[in-house]
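Me: I've got a two-chain model open and want to talk through how its pieces pack. Can you take my questions one at a time?

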There are 2 protein chains.
Amino acid sequence: MSLAPQFQHRNLPQHVADHIVLLIAAGELTPGERVFEKDICERLNVSRIPVREAFRLLQAQGVIRGEPNRGSFVTELGSEQIAEMMEVRIVVERIAGRHVIRRSKGDPAILDAVRRCMDALHRAIRNNDRLEYCQADLAFHSTIIELADSPILQPIWESLSRGILVYLMQERRLEESYDRSISDHERLIALLATGDSKGYEAEIGRHVMAPAHFEAAPL
Amino acid sequence: MSLAPQFQHRNLPQHVADHIVLLIAAGELTPGERVFEKDICERLNVSRIPVREAFRLLQAQGVIRGEPNRGSFVTELGSEQIAEMMEVRIVVERIAGRHVIRRSKGDPAILDAVRRCMDALHRAIRNNDRLEYCQADLAFHSTIIELADSPILQPIWESLSRGILVYLMQERRLEESYDRSISDHERLIALLATGDSKGYEAEIGRHVMAPAHFEAAPL
DNA sequence: TGCCATAATAATGTATACATTATGACACTA
DNA sequence: TAGTGTCATAATGTATACATTATTATGGCA
């Protein structure tokens, strides 16, 4: 294995899966397009086994769709799917918020992990780096899910966040929402810190639906 | 490969994954227990590659938890996790219901697939076979999700349904709810057929929460 | 010219073999 | 005896090689 040293000790299939999502987010792999194992192998200079395992991860997360003996294809997400994604996301984040608030009452220090995410968010905005910003935004929410420590929410969030990253990256006028993003996240932290469950649930709904670049869910 | 002929043309990692879930549901693998690749290999008489790919599928679905270089462990689900699962499930099934109703207005025949699931449910009850019943129950809901044809809902449902199967199988007094189960499902079909979105969304909530064997979500 | 059968190619699917890492036993030492 | 270091074992992680399946190109035939 001749992988770059910084990845030596990381989980290889997981890393490959992350990389494939980045390729999709960057537009190097387009929705509907077929993904070839060999192609990914050569890009990352690894054998087919970890790549195939990454494919299974992404398949279970809905990022790619696998047809037996016929290859894998990047899932296509229309505005309707984005709306669904956000609808489920809100529920997941609400449940997670309740858990984190309950846990933080016993140990307020756990919220520090969330606060630290704000630094990354500010840094990304200073660098005016879309990808860095999207990842920092998602890291904020991922941290909360992790703190909720739920074996149910975790995999669902991982699945959702894949799609959200791709969606955010292709969103026009993303930069215009930087200011609002900061204040939204600050407010979310404050609600967690004060233990205002109801307030947090309402605010998460607003925060997620704020862009409303996607169409509302059909009746 | 010396697998039984009936599985020759099925997706092997998928089949292995299903089998592992059955082992958990049957109690042959207990929550928290470590799952060895070799053990599964010998049980199903396949090599490690499809087994490892099945592990990745189940890992992304939250059925097992993998620790790098240290193996995989069956996820433990307490009553709190069951409650979360059902809370997310309701949202997923509500969204799916809306889609199916919309689609069925253009082609009412698609609901026949759901109606056919009732036969399997009746048969399972006649046979008084718990596993067959649980699978038929889940097949009913899986069919609706499939009809909704959503690349977002599908993987989330697959993840949820794994846990639901395990939960149902370990549920005492499951047999007592057979009658109610039939009437519930009949009612759900009727609501889909009449295109009553609101009614369906309410009924799904009742149906899922009916057992209430799990504790309510914490405040 | 259009259609079908067949072979060549290239992909996915699986098995075997090797490399690396964790774990437990055991002896050695303080 | 408690602690520690080393080695043996067994698991996971990865690479290579082979098998199977799908696709495409090609050539024969109507």
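This is a predicted model: local features need pLDDT of at least 70, side-chain atom pairs count only at pLDDT 80 or more; totals for chains, interfaces and linings use all residues.

Me: Good. In what order do the strands of the open sheet in chain B come?
Reply: The sheet in chain B has 3 strands, and the pairing is antiparallel. S1(B) is joined to strand S3 (residues 71-74) of chain B by 2 bridges, while 4 bridges join S2(B) to S3(B). Reading across, the order is S1-S3-S2.

Me: Which strands are the edge strands there?
Reply: An edge strand pairs on one side only.

Me: Let's get down to residues. Which residue of S3(B) does B:Arg34 stand opposite?
Reply: S1(B) and S3(B) run antiparallel. Within S3(B), the residue opposite B:Arg34 is B:Phe73.

Me: And which residue of S3(B) stands opposite B:Glu67?
Reply: Here we're on the pairing of S2(B) with S3(B), which also run antiparallel. B:Glu67 stands opposite B:Gly71.

Me: Which residue in the turn of that hairpin has a positive phi?
Reply: S2(B) and S3(B) form a hairpin, with 3 residues between them. The turn residue with a positive phi, about 65°, is B:Asn69.

Me: Over to chain A. Why is one side of S1 and of S2 left without a neighbour in the sheet?
Reply: Chain A has an open sheet of 3 strands in the order S1-S3-S2, with antiparallel pairing. Strand S1 (34-35) and S2 of chain A stand at the edges, so one side of each has no neighbour in the sheet, because each has a single partner strand.

Me: What packs on that sheet?
Reply: The packing element touches S2 and S3 of chain A. Its direction makes about 110° with that of S2(A). The element is H3(A).

Me: How many bridges join S2 to S3 in chain A?
Reply: Strand S2 (residues 64-67) and strand S3 (residues 71-74) of chain A run antiparallel. A:Arg65 stands opposite A:Phe73, and A:Gly66 has A:Ser72 as its bridge partner. The number of bridges joining the two strands is 4.

Me: Now the helices of chain B. Are H6(B) and H7(B) roughly parallel or antiparallel?
Reply: The axes of helix H6 (residues 130-148) and helix H7 (residues 153-169) of chain B come within 10 Å and cross at roughly 165°. Angles over 145 degrees count as roughly antiparallel. H6(B) and H7(B) are therefore roughly antiparallel.

Me: How many nonpolar residues does that contact have?
Reply: Among the residues making it are B:Leu131 and B:Leu138 of H6(B), with B:Trp157 and B:Ile164 from H7(B). The contact also has 3 polar and 1 charged residues. The nonpolar count is 11.

Me: What about H4(B) and H9(B): how many charged residues are in their contact?
Reply: Helix H4 (residues 79-106) and helix H9 (residues 197-209) of chain B pack at about 150°, with their axes 9 Å apart, and are therefore roughly antiparallel. The contact includes B:Arg89, B:Glu93 and B:Arg94 of H4(B) and B:Glu201 of H9(B). Alongside 7 nonpolar and 3 polar residues, the charged ones number 5.

Me: Back to chain A for its domains. How far apart do the C-alpha centres of domain 1 and domain 2 lie?
Reply: The assignment for chain A gives domain 1 (9-74) and domain 2 (79-212). In their contact, 6 residues of domain 1 meet 6 residues of domain 2. The C-alpha centres lie apart by 26 Å.

Me: Last one: which element gives the largest share of the side of chain A that touches chain B?
Reply: 35 residues of chain A are in contact with 34 residues of chain B. On the chain A side, the elements giving two or more residues are helix H3 (48-60), helix H4 (79-106) and helix H7 (153-169). By class, that side has 17 nonpolar, 10 polar and 8 charged residues. The largest share, 10 residues, comes from H4(A).

How values were computed: Residues are numbered from 1 along each chain as its sequence is written. Chains are lettered from A and ligands numbered from 1 in the order in which they are written. Axes are lines fitted to C-alpha atoms, for helices over the stretch in contact, and angles run from 0 to 180 degrees between N-to-C directions. Angles under 35 degrees count as roughly parallel, over 145 as roughly antiparallel, 65 to 115 as roughly perpendicular and the rest as oblique. Two residues are in contact if their C-beta atoms, placed from the backbone, lie within 7 Å. Ala, Val, Leu, Ile, Met, Phe, Trp, Tyr, Cys and Pro count as nonpolar, Asp, Glu, Lys and Arg as charged, and the others, Gly among them, as polar. Domain bounds come from an automatic or database domain assignment. Two strands pair if DSSP finds at least two bridges between them.
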